[in-house]
Amino acid sequence: MILAPQPAKFTPATDIAALPTIGVPVRPADFPRRLLRFRNDRWAETVGLDHLDEDRWIAHFGSFEPLEGSLEQPLALRYHGHQFRVYNPEIGDGRGFLFAQMRDGLGRLMDLGTKGSGQTPYSRFGDGRLTLKGGVREILATEMLEALGVPTSKTFSIIETGEELMRNDEPSPTRSCVLVRLSHSHIRIGSFQRAAAMEDTDLLRALTDYALTRLYGVEPGDDPAAQLLDLVVERTADLAASYMIAGFVHGVLNSDNINVTGESFDYGPWRFTPYWEPAFTAAYFDHQGLYAFGRQAEAIHWDVAQLAIALRQITETEPLVKALERFPDLYSNAVRRRFCWRLGIGFPGEERSGTLLETAVQGMTGDRVMIDRFFFDWRGGQLRNGEARDRYAGEAWADFRDAVDGLANEAATAHPYWDGTEPCSMHIEEVESLWSAIADRDDWSPLYQKVDRIRMMRAAHEGRSSDG
Ligand code: AMP
Ligand code: MG
């Protein structure tokens, strides 16, 4: 479920050159200051960049001096996309760019992309910047999602840049930063939509070939477009399932925010829902609840259908429709498997896992037990203390108690994390309080302590006895 990082030697790549019209060369902004706030050595190790001293780190990820052998100049990537179901051909990297490519220890092609690195031809009226709060929120989202088994981009670096930004969703002026993310590609559904809108079938074919050979590592067969759609359906159905089991609401599931590798990225107004509430919405501007907690699978499926529409220009409709129709079943299977994974029990088959999930949701909604609390208390398929036993003694839990009976797995609670009394959560009040410590007192220690605690939970989910 979780891809274990493998240490690697730095192996630069320039595969994006196979798509010569996908981006335009741009220059990074010249920031007044560069203060390193976060570096992810755990993931830097997987691409051989953990050895950089602080000056070199800032030179590469704050001033964007090229990494030798990779891109000579950053590329602002072009794309279109449906935003809240409205087609927008005016977007593209407006405050970020592709900075570098490399291979990781597993041989995968990886990108380092930015957010807040300055204006580009796609900035429209935007300043090209990222608020420091936005950067801090991205650290929290990515660390938490990784710990909960969600395939996600990693926050690689956050450097505070000393500017004052004006925003209408934060008290302003507010502090600025530049983020670097490590991601398994930045090719979005919107990248294909742009090619389709221009009726550029050569570009559609090149994108399809790039995705198959360089991202998925497979040989293109007779019908590469249908082959790709099949893979995207599999990965995105699993992505949607992973959000549900994490209790995560991405907030902006626009087609330009869906990576064709099915890796989650681009965290704006995200939230974790405390309770299993399908109508829980993250973005204050999502008035219709289009991207509410319980509608995320539908939203992602809709986005993937837009990929199918784009691919229709280079293949027949029938195999594409077939691929799309696989989504609902793949999704519900993935939800069940991921449910058992987070609970720390072996997979007891499709039917029984379905009953487990249904009865757990019945309990969580009937008795208002928080999602994280539920998974923490029932870790390993059995309650571990009297207090927990009291919490689940009621009628609302009768069916779940029956369903889980006999599935206990002692090994799942070996890590000391499970000996605590409180699950590690990431609800909005805590996010705000971690940010307040920085905003009010420039105190970063609560944030760093939280990251340590999240990493402890990750190790506990991976079943290892120490953090790594
Ligand atoms: P997002 O909601 O982050 O996915 O962004 C949607 C589009 O708006 C993308 O094309 C972004 O590059 C662009 N954008 C968002 N914020 C800014 C900003 N501050 N400056 C320039 N472009 C931005
Ligand atoms: Mg975006």
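A salt bridge joins E160 to R37, with 2.8 Å between the closest N and O atoms. This pair connects distant parts of the chain, since E160 belongs to strand β10 (residues 154–165) and R37 to strand β3 (residues 35–39), 123 residues apart. Both E160 and R37 are buried. The structure is a predicted model, and the values reported here were computed from it. In total, 35 salt bridges were counted.

A second bridge is formed by the side chains of D442 and R175, at an N to O distance of 2.8 Å. Here too distant parts of the chain are linked: D442 is in the loop between α14 (428–441) and α15 (445–461), R175 is in strand β11 (residues 174–183), and the two are 267 residues apart. D442 has a relative accessibility of 38% and therefore counts as partly exposed. R175 is also partly exposed, with a relative accessible area of 23%.

R368 is placed in the loop between α10 (350–366) and α11 (371–377), and E277 in the loop between β13 (271–272) and α7 (296–311), so the bridge ties together parts separated by 91 residues in sequence. R368 is partly exposed at 49% relative accessibility; this value falls in the partly exposed class because exposed requires over 50%. E277, with a relative accessible area of 29%, is partly exposed. Salt bridges also occur as a network, which links R373, D377, E387, R391 and E422. In general, side chains of opposite charge can pair when their charged atoms come close.

R137 presents another arrangement. This residue lies in helix α3 (residues 132–147). R137 is buried but has no salt bridge, and the nearest side chain of opposite charge, that of E432, is 5.0 Å away. The distance of 5.0 Å to E432 does not qualify because a salt bridge requires the nitrogen to be within 4 Å of a carboxyl oxygen. The side chain of R137 instead reaches the backbone oxygen of G268 at 3.0 Å. Beyond its neighbours within four places in sequence, R137 is in contact with G268, P269, W270, I428 and V431.

The magnesium ion (ligand 2) is coordinated by N257 through OD1 and by D266 through OD, at 1.9 to 2.2 Å. N257 is buried, with a relative accessible area of 9%. D266 likewise counts as buried, at 18% relative accessibility; the assignment follows because buried means under 20%.

The largest nonpolar core contains 118 residues, of which F192, L229, F339, F374 and F400 touch the most other members. Helix α6 (residues 224–246) gives the most to this core, with 15 residues. Apart from this core lies another, of 29 residues, among them V24, A44, L67 and A100. Leaving aside neighbours within four places in sequence, the contacts of F339 are I245, L356, L357, A360, F374, F375 and F400. Nonpolar side chains tend to be buried together in soluble globular proteins.

Several backbone features were also recorded. Most residues other than glycine have a negative phi, and most peptide bonds are trans. The peptide bond from S172 to P173 is cis, with omega near 0 degrees. P173 is located in the loop between β10 and β11. F64, which is not a glycine, has a positive phi near 60 degrees. F64 is in the loop between α2 (54–61) and β4 (75–77) and, at 5% relative accessibility, counts as buried. R124, also not a glycine, has a positive phi of about 50 degrees. The place of R124 is the loop between β8 (109–115) and β9 (130–131). With 51% relative accessibility, R124 counts as exposed, because the limit for that class is over 50%.

G394 is in the loop between α12 (386–391) and α13 (398–404). Its relative accessible area of 28% makes G394 partly exposed. The C-alpha atoms of G394 and D367 are separated by 8.3 Å, and the two residues are 27 residues apart along the chain.

Terms used. Residues are numbered from 1 along each chain as its sequence is written. Chains are lettered from A and ligands numbered from 1 in the order in which they are written. This is a predicted model: local features need pLDDT of at least 70, side-chain atom pairs count only at pLDDT 80 or more; totals for chains, interfaces and linings use all residues. Side-chain values use heavy atoms; hydrogens and water are left out. Donors are N, O and S atoms within 2.8 Å of the metal (3.2 Å for Na, K and Ca); water is not among the atoms, so sites may look incomplete. Buried means under 20% relative accessible area, exposed over 50%, partly exposed in between (1.4 Å probe, protein chains only). Helices (H or I, at least four residues) and strands (E, at least two) are DSSP runs, numbered from the N terminus. Lys and Arg count as positive and Asp and Glu as negative; His and the chain ends are not counted. A polar contact is a pair of N or O atoms within 3.5 Å; within protein, one must be able to donate a hydrogen and the other to accept it, and residues adjacent in sequence count only if both atoms are side-chain atoms. Contact means heavy atoms within 4.5 Å. A nonpolar core is a set of buried Ala, Val, Leu, Ile, Met, Phe, Trp, Tyr and Cys residues joined through side-chain atoms within 4.5 Å.
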